[in-house]
Amino acid sequence: MKKVLRFTASWCGPCKMLAKNLEIAGLNLPIEVVDIDVHNEIAQEYGIRGVPTLVMLDENIEVKRIVGVKTVNELQEWAND
């Protein structure tokens, strides 16, 4: 089963913009929010160097990722690619 990890931080303005675009995009995938300040070990495990970052997992194996704020269309294309 596919899911998305959304790496974010409370102080990150672009993360808030991405969250809004994700709501609008309606990806039909479960999205787990990972605050890098709270769950630093998970961020390190995935090699997160900047936020926002989205990591798509399929059966808990990373299949793709994107970094930075993306438009609704970019998010939909990324999820359905």
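**View 1. Helix α1 passes helix α3 in a right-handed crossing.** Right-handed here has the near helix turned clockwise from the far one by less than a right angle. Everything shown is a predicted model, where local features need pLDDT of at least 70 and side-chain atom pairs count only at pLDDT 80 or more, while totals for chains, interfaces and linings use all residues. Residues are numbered from 1 along each chain as its sequence is written, and side-chain values use heavy atoms, with hydrogens and water left out. Helices (H or I, at least four residues) and strands (E, at least two) are DSSP runs, numbered from the N terminus. The axes of α1 (residues 13-25) and α3 (residues 72-80) come within 9 Å and cross at roughly 65°; axes are lines fitted to C-alpha atoms, for helices over the stretch in contact, with angles from 0 to 180 degrees between N-to-C directions.

**View 2. Here's where α1 and α3 meet.** From α1 come L18, N21, L22, I24 and A25, and from α3 come V72, L75 and Q76, with contact meaning heavy atoms within 4.5 Å. That's six nonpolar residues, two polar and no charged.

**View 3. Four strands make an open, mixed sheet.** The order runs β2-β1-β3-β4, and strands pair if DSSP finds at least two bridges between them. β2 (31-35) and β4 (61-67) sit at the edges, each pairing on one side only. From one strand to the next, the twist averages 20°.

**View 4. β1 (residues 2-8) runs parallel to β2 over five bridges.** F7 stands opposite V34 in β2. Helix α1 packs on this sheet, touching β1, β2 and β3 (53-58), and its direction makes about 155° with that of β1.

Definitions and conventions
Ala, Val, Leu, Ile, Met, Phe, Trp, Tyr, Cys and Pro count as nonpolar, Asp, Glu, Lys and Arg as charged, and the others, Gly among them, as polar.
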